[in-house]
Amino acid sequence: MRRLWLLFAQTITVCLAIWFVVVTLKPEWLELERGAFVPKQENRAVAVPVAASYRDAVSRAMPAVVNIYTTKEVRQPQSPLLDDPFLKRFFGERFSDTEKQMSLGSGVVVTHDGYVLTNNHVVETADQIEVAFEDGRKAAARLVGNDPETDLAVIKIDLPDLPAITFGNVDDVKVGDVVLAIGNPFGVGQTVTMGIVSALGRSQLGINIYENFIQTDAAINPGNSGGALIDANGNLIGINSAIYSQSGGSMGIGFAIPVSTVRMVMDAIIAKGQVVRGWIGVEPRDITPELAENLDLGKQDGVIIAAVLKNGPADRAGIRPGDILVSVDGKNIANMKEMFNLIATLQPESKTGVVVLRDGKEVTLEIVVGKRPSKKRLERQQP
């Protein structure tokens, strides 16, 4: 019995020694499975844990994101000598006083029949617009309509079987959500960058008249303008529009127009060729704490009317410079952003009540809402 026990102990010792050598020098020969050591098959592929991937979201959205190339002719100053018909006859185009300038941007296909959303600043001065898809297809585009006050435009192309992006719900977007920006930065080609939602409802940046930006740290660079900002499921939540930069490149502060604004503007342009907004013809200013103290105001809500357009809707209704607008159509006004957004929703030619604070007393007036003029015409009309 003693001999058998000694033989058993020696066998165990030798097996442990062999196991120790294999584990130390050739660990790949062994594989730990369900608590038992099983010899590993030499050609067997081993699954490696994969980090979170957004390839499904990108594959759904990227086919609907396009590159936009624009061309415009710019007249160059020339010497009077070069206007000589004799010289032009012999030297022709070498004495042409125009040159073609090209620029690039991005866009998003929103319908299967060829409507494409982009930024207004991408196409507003273009003589020719060309759209290029990731699969190599190209097509000339025409401008359907634009809205400079939100920096959005709709163009149209004629190609069959176009992929269209899926719209998300901006109300579901929260600060900290992962987002992806798709576009054509610097013309290098279709590119995807990742970040998070840094802030919501950014306004008073001086970029557009109507501002309600999604702020993100996803890299947005020149050429990304008009491209898609999508969520982790591949749904469109914004159109990339602007960046804050001191160098011209991304510094982690980018702004996208939310899909709620995008959809409203897009539907109006497709239906009517333009966005029709209400307007009353005033130049407002936000009430700062210093201004409230100087005017002895009990609260800082509302906007102060700095100027009133002569014979405009507000002037005809009796609104005066120095009045504080506190309510429009029964809704309280806290600042300029709320005033612009609320008045914009009013139907032109409709009547609405406004409340102003004048000499410490509330005055109720009735105003006939006007139609907001185009940006250029508005600049000429400003008080």
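1. Basis of the note. Because the model is predicted, local features need pLDDT of at least 70 and side-chain atom pairs count only at pLDDT 80 or more, while totals for chains, interfaces and linings use all residues. Residues are numbered from 1 along each chain as its sequence is written, and side-chain values use heavy atoms, with hydrogens and water left out. Helices (H or I, at least four residues) and strands (E, at least two) are DSSP runs, numbered from the N terminus.

2. Six strands form a closed barrel in the order 9-10-11-14-13-12, with antiparallel pairing, where two strands pair if DSSP finds at least two bridges between them. From one strand to the next the twist averages 45°; axes here are lines fitted to C-alpha atoms, for helices over the stretch in contact, and angles run from 0 to 180 degrees between N-to-C directions. Strand 9 (residues 178–183) and strand 10 run antiparallel and are joined by six bridges. Helix 5 lies across strand 13 (236–243) and strand 14 (254–258), and runs at about 50° to strand 14.

3. T193 belongs to strand 10 (residues 191–202) and is the bridge partner of A181. At 19% relative accessibility, T193 counts as buried, given that buried means under 20% relative accessible area, exposed over 50% and partly exposed in between (1.4 Å probe, protein chains only). The side chain of T193 reaches the backbone oxygen of A219 at 2.8 Å. Leaving aside neighbours within four places in sequence, T193 is in contact (heavy atoms within 4.5 Å) with V179, L180, A181, A218 and A219.

4. Two nonpolar cores. A nonpolar core is a set of buried Ala, Val, Leu, Ile, Met, Phe, Trp, Tyr and Cys residues joined through side-chain atoms within 4.5 Å. The largest has 56 residues, of which I68, V131, I155, I157 and I165 touch the most other members; its largest share, six residues, comes from helix 5 (residues 259–272). A second, separate core of 23 residues includes I280, V282, V308 and L325. Not counting residues up to four places away in sequence, V131 touches V66, N67, I68, R137, K138, A139, A141, I155 and I157.

5. Strand 17 (residues 303–308) is mostly covered, with five of its six residues buried. Strand 16 (residues 282–286) pairs with strand 17 in the antiparallel sense over five bridges, and here A307 is the bridge partner of E283. Strand 17 also runs antiparallel to strand 18 (residues 324–328), to which two bridges join it, and I324 in strand 18 is the bridge partner of I304.

6. V109, in strand 4 (residues 98–109), is buried at 0% relative accessibility. The C-alpha atoms of V109 and P163 are separated by 6.9 Å, although these residues are 54 residues apart along the chain. Beyond its neighbours within four places in sequence, V109 has contacts that include A64, V66, F133, P163 and I165. N120 lies in helix 4 (residues 120–123) and is likewise buried, with a relative accessible area of 2%; leaving aside neighbours within four places in sequence, N120 is in contact with N146, D147, P148, D151, L152 and A153.

7. Positive phi in two loops. N311 is a residue other than glycine with a positive phi, near 65°; N311 sits in the loop between strand 17 and helix 7 (313–317) and is exposed, with a relative accessible area of 53%. E349, also not a glycine, has a positive phi near 80°. E349 is placed in the loop between helix 8 (336–344) and strand 20 (351–358) and is exposed at 64% relative accessible area.

8. Aromatic pairs. Rings of Phe, Tyr and Trp (its six-membered ring) pair if their centres lie within 6.5 Å, with planes under 30 degrees apart counted as stacked, over 60 as edge-to-face and the rest as tilted; by this rule there are two pairs. Y210 and F340 are edge-to-face, at 6.3 Å centre to centre and 80° between the planes. Y210 lies in the loop between strand 10 and strand 11 (213–216) and F340 in helix 8, so the pair ties together parts that are 130 residues apart in sequence. The rings of F213 and F255 have centres 5.7 Å apart and planes at 50°, so this pair is tilted.

Notes:
A polar contact is a pair of N or O atoms within 3.5 Å; within protein, one must be able to donate a hydrogen and the other to accept it, and residues adjacent in sequence count only if both atoms are side-chain atoms.
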